[in-house]
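Biologist: I'm new to this one. Could you walk me through how to read its features?

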Amino acid sequence: MGKTVREIAELMGIPSDDLVKEKQRIRDEIKRQNIETKKSGNKFVIADSDVEKITSALKEKLDKEDSKKKEDNEELLQMIEQLKAENSKLKSENKEKDEELVRINLKKDEEIRRLNSKIEKYADDFKEFNDKQLQLNNQQQQLQARILGQTKQLKDTQQRLLTSAEKSSELQNKVDKIEKCITLAKDYEEI
(Lines give C-alpha, C1' and ligand atoms only; values in the text may rest on other atoms or scores of the structure.)
Protein backbone atom coordinates (compact mmCIF):
# COMPACT_ATOMS: atom_id res chain seq x y z
CA MET A 1 0.00 0.00 0.00
CA GLY A 2 1.14 3.62 -0.31
CA LYS A 3 0.51 6.94 1.36
CA THR A 4 -0.94 10.21 0.09
CA VAL A 5 0.84 13.53 0.49
CA ARG A 6 -1.53 14.42 3.33
CA GLU A 7 -0.85 11.12 5.12
CA ILE A 8 2.91 11.71 4.81
CA ALA A 9 2.48 15.17 6.35
CA GLU A 10 0.41 13.75 9.20
CA LEU A 11 3.00 10.97 9.65
CA MET A 12 5.66 13.67 10.11
CA GLY A 13 3.52 15.29 12.84
CA ILE A 14 2.87 18.52 10.96
CA PRO A 15 0.28 20.73 12.71
CA SER A 16 -2.88 21.42 10.71
CA ASP A 17 -2.02 25.14 10.45
CA ASP A 18 1.14 24.32 8.47
CA LEU A 19 -0.39 21.45 6.48
CA VAL A 20 -0.76 23.30 3.15
CA LYS A 21 2.83 24.54 3.24
CA GLU A 22 4.23 21.14 4.20
CA LYS A 23 2.17 19.33 1.57
CA GLN A 24 3.80 21.58 -1.04
CA ARG A 25 7.24 20.81 0.40
CA ILE A 26 6.48 17.09 0.15
CA ARG A 27 5.38 17.50 -3.49
CA ASP A 28 8.58 19.46 -4.22
CA GLU A 29 10.68 16.69 -2.62
CA ILE A 30 8.86 14.05 -4.69
CA LYS A 31 9.75 15.96 -7.87
CA ARG A 32 13.34 16.56 -6.69
CA GLN A 33 13.90 12.84 -6.10
CA ASN A 34 11.99 11.85 -9.26
CA ILE A 35 9.73 9.54 -7.29
CA GLU A 36 6.91 7.95 -9.18
CA THR A 37 3.39 8.31 -7.90
CA LYS A 38 0.49 6.00 -8.58
CA LYS A 39 -3.09 6.99 -8.87
CA SER A 40 -5.46 5.19 -6.54
CA GLY A 41 -8.98 6.37 -7.12
CA ASN A 42 -8.86 10.14 -7.20
CA LYS A 43 -5.68 10.34 -5.06
CA PHE A 44 -2.02 10.01 -5.84
CA VAL A 45 -0.10 7.65 -3.55
CA ILE A 46 3.58 7.13 -2.95
CA ALA A 47 5.10 3.74 -2.25
CA ASP A 48 6.04 3.08 1.39
CA SER A 49 9.70 2.65 0.45
CA ASP A 50 9.69 6.09 -1.15
CA VAL A 51 7.84 7.60 1.82
CA GLU A 52 10.88 6.85 4.03
CA LYS A 53 13.19 8.62 1.56
CA ILE A 54 10.92 11.67 1.47
CA THR A 55 10.44 11.92 5.23
CA SER A 56 14.13 11.51 6.04
CA ALA A 57 15.10 14.13 3.42
CA LEU A 58 12.48 16.56 4.75
CA LYS A 59 13.45 15.91 8.37
CA GLU A 60 17.06 16.67 7.48
CA LYS A 61 15.98 19.93 5.84
CA LEU A 62 13.80 20.80 8.84
CA ASP A 63 16.71 20.11 11.19
CA LYS A 64 18.95 22.40 9.12
CA GLU A 65 16.28 25.11 9.11
CA ASP A 66 15.82 24.76 12.88
CA SER A 67 19.58 24.97 13.38
CA LYS A 68 19.72 28.07 11.18
CA LYS A 69 16.81 29.61 13.10
CA LYS A 70 18.59 28.92 16.39
CA GLU A 71 21.76 30.58 15.07
CA ASP A 72 19.75 33.55 13.86
CA ASN A 73 17.99 33.76 17.21
CA GLU A 74 21.33 33.68 19.04
CA GLU A 75 22.62 36.49 16.83
CA LEU A 76 19.45 38.47 17.46
CA LEU A 77 19.76 37.91 21.21
CA GLN A 78 23.37 39.11 21.10
CA MET A 79 22.32 42.17 19.10
CA ILE A 80 19.54 42.83 21.62
CA GLU A 81 22.04 42.64 24.48
CA GLN A 82 24.40 44.99 22.64
CA LEU A 83 21.54 47.42 21.99
CA LYS A 84 20.50 47.24 25.64
CA ALA A 85 24.07 48.02 26.71
CA GLU A 86 24.27 50.87 24.21
CA ASN A 87 20.88 52.16 25.35
CA SER A 88 22.02 52.07 28.96
CA LYS A 89 25.18 53.96 28.02
CA LEU A 90 23.15 56.57 26.11
CA LYS A 91 20.78 56.98 29.06
CA SER A 92 23.77 57.54 31.32
CA GLU A 93 25.27 60.07 28.90
CA ASN A 94 21.91 61.84 28.61
CA LYS A 95 21.64 62.02 32.38
CA GLU A 96 25.14 63.52 32.58
CA LYS A 97 24.28 66.03 29.85
CA ASP A 98 21.04 66.93 31.63
CA GLU A 99 22.96 67.52 34.86
CA GLU A 100 25.54 69.62 32.98
CA LEU A 101 22.73 71.62 31.38
CA VAL A 102 21.21 72.25 34.81
CA ARG A 103 24.61 73.43 36.09
CA ILE A 104 25.04 75.71 33.08
CA ASN A 105 21.55 77.16 33.54
CA LEU A 106 22.24 77.76 37.24
CA LYS A 107 25.47 79.58 36.39
CA LYS A 108 23.67 81.58 33.72
CA ASP A 109 20.88 82.51 36.14
CA GLU A 110 23.45 83.56 38.75
CA GLU A 111 25.27 85.70 36.17
CA ILE A 112 21.98 87.34 35.14
CA ARG A 113 21.20 88.09 38.81
CA ARG A 114 24.68 89.54 39.27
CA LEU A 115 24.35 91.72 36.19
CA ASN A 116 20.84 92.84 37.20
CA SER A 117 22.20 93.79 40.60
CA LYS A 118 24.93 95.80 38.91
CA ILE A 119 22.36 97.50 36.71
CA GLU A 120 20.28 98.43 39.75
CA LYS A 121 23.36 99.82 41.49
CA TYR A 122 24.29 101.90 38.45
CA ALA A 123 20.68 103.02 38.08
CA ASP A 124 20.74 104.22 41.69
CA ASP A 125 24.07 105.93 41.06
CA PHE A 126 22.64 107.47 37.94
CA LYS A 127 19.61 108.81 39.82
CA GLU A 128 21.94 110.31 42.40
CA PHE A 129 23.99 111.82 39.63
CA ASN A 130 20.89 113.42 38.10
CA ASP A 131 20.03 114.98 41.46
CA LYS A 132 23.53 116.45 41.72
CA GLN A 133 23.25 117.67 38.17
CA LEU A 134 20.17 119.68 39.05
CA GLN A 135 22.00 121.21 42.00
CA LEU A 136 24.88 122.20 39.76
CA ASN A 137 22.45 123.85 37.33
CA ASN A 138 21.12 126.01 40.16
CA GLN A 139 24.58 126.84 41.53
CA GLN A 140 26.55 127.37 38.33
CA GLN A 141 24.70 129.41 35.70
CA GLN A 142 27.84 129.84 33.61
CA LEU A 143 28.03 126.05 32.97
CA GLN A 144 24.33 125.67 32.17
CA ALA A 145 24.71 124.96 28.46
CA ARG A 146 27.36 122.30 28.99
CA ILE A 147 25.49 120.70 31.87
CA LEU A 148 22.21 120.59 29.90
CA GLY A 149 24.02 118.91 27.00
CA GLN A 150 25.58 116.44 29.39
CA THR A 151 22.23 115.74 31.03
CA LYS A 152 20.69 115.01 27.65
CA GLN A 153 23.60 112.72 26.85
CA LEU A 154 23.24 110.96 30.20
CA LYS A 155 19.48 110.56 29.70
CA ASP A 156 20.14 109.08 26.26
CA THR A 157 22.69 106.76 27.84
CA GLN A 158 20.17 105.78 30.53
CA GLN A 159 17.54 105.02 27.89
CA ARG A 160 19.99 102.90 25.92
CA LEU A 161 20.94 101.06 29.11
CA LEU A 162 17.28 100.24 29.89
CA THR A 163 16.60 99.24 26.27
CA SER A 164 19.62 96.98 26.04
CA ALA A 165 19.08 95.15 29.35
CA GLU A 166 17.83 92.18 27.34
CA LYS A 167 20.98 92.07 25.25
CA SER A 168 23.44 90.46 27.64
CA SER A 169 26.31 90.53 25.14
CA GLU A 170 26.17 94.37 25.00
CA LEU A 171 25.45 94.85 28.71
CA GLN A 172 29.03 95.37 29.92
CA ASN A 173 29.71 98.07 27.26
CA LYS A 174 26.69 100.06 28.46
CA VAL A 175 27.84 99.71 32.08
CA ASP A 176 31.25 101.10 31.11
CA LYS A 177 29.61 104.12 29.43
CA ILE A 178 27.60 104.87 32.57
CA GLU A 179 30.75 104.69 34.71
CA LYS A 180 32.44 107.10 32.28
CA CYS A 181 29.49 109.51 32.55
CA ILE A 182 29.65 109.41 36.33
CA THR A 183 33.35 110.19 36.23
CA LEU A 184 32.74 113.10 33.84
CA ALA A 185 30.04 114.49 36.11
CA LYS A 186 32.33 114.33 39.11
CA ASP A 187 35.00 116.13 37.07
CA TYR A 188 32.46 118.85 36.26
CA GLU A 189 31.52 119.03 39.88
CA GLU A 190 35.15 119.72 40.77
CA ILE A 191 35.35 122.46 38.13
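This is a predicted model: local features need pLDDT of at least 70, side-chain atom pairs count only at pLDDT 80 or more; totals for chains, interfaces and linings use all residues.

Biologist: How much space lies in the largest pocket?

Modeller: The general idea is that rolling a probe the size of a water molecule over the atoms shows where empty space is left. Here, the largest pocket holds about 270 Å³.

Biologist: Which elements give two or more residues to its lining?

Modeller: Those are α1 (5-11), α2 (19-32) and β3 (43-47). The largest share, 4 residues, comes from α2. Among the lining residues are R6, K23, R27, I30 and F44.

Biologist: And what is the lining like by class?

Modeller: There are 6 charged, 4 nonpolar and 2 polar residues.

Biologist: Now the aromatics. How many aromatic pairs does a search of the whole structure find?

Modeller: It finds 1. A pair of aromatic rings is described by the distance of the centres and the angle of the planes. For F126 and F129, the centres are 6.3 Å apart and the planes sit at 35°, so this pair is tilted.

Biologist: Where do F126 and F129 sit in helix α3?

Modeller: They are 3 residues apart in α3 (residues 48-139), so about one helical turn separates them.

Biologist: Are F126 and F129 buried or exposed?

Modeller: The cut-off for buried is under 20% relative accessible area. F126 has 3% relative accessibility, so it counts as buried; F129, at 8%, also counts as buried.

Biologist: What lies over the face of Y122?

Modeller: That's K121, at 5.2 Å from the ring centre.

Key:
Residues are numbered from 1 along each chain as its sequence is written. Side-chain values use heavy atoms; hydrogens and water are left out. On a 1 Å grid over the protein atoms alone, a cavity is a set of points where a 1.4 Å probe fits but cannot get out, and a pocket is an open set with protein on both sides within 12 Å along at least five of seven lines; lining residues have an atom within 4 Å of a point. Grid points are joined across faces, edges and corners, and a volume is the space filled by probe spheres set on the points. Ala, Val, Leu, Ile, Met, Phe, Trp, Tyr, Cys and Pro count as nonpolar, Asp, Glu, Lys and Arg as charged, and the others, Gly among them, as polar. Rings of Phe, Tyr and Trp (its six-membered ring) pair if their centres lie within 6.5 Å; planes under 30 degrees apart count as stacked, over 60 as edge-to-face and the rest as tilted. Buried means under 20% relative accessible area, exposed over 50%, partly exposed in between (1.4 Å probe, protein chains only). A charge sits over a ring if NZ of Lys or CZ of Arg is within 6 Å of the ring centre and within 35 degrees of the ring normal.
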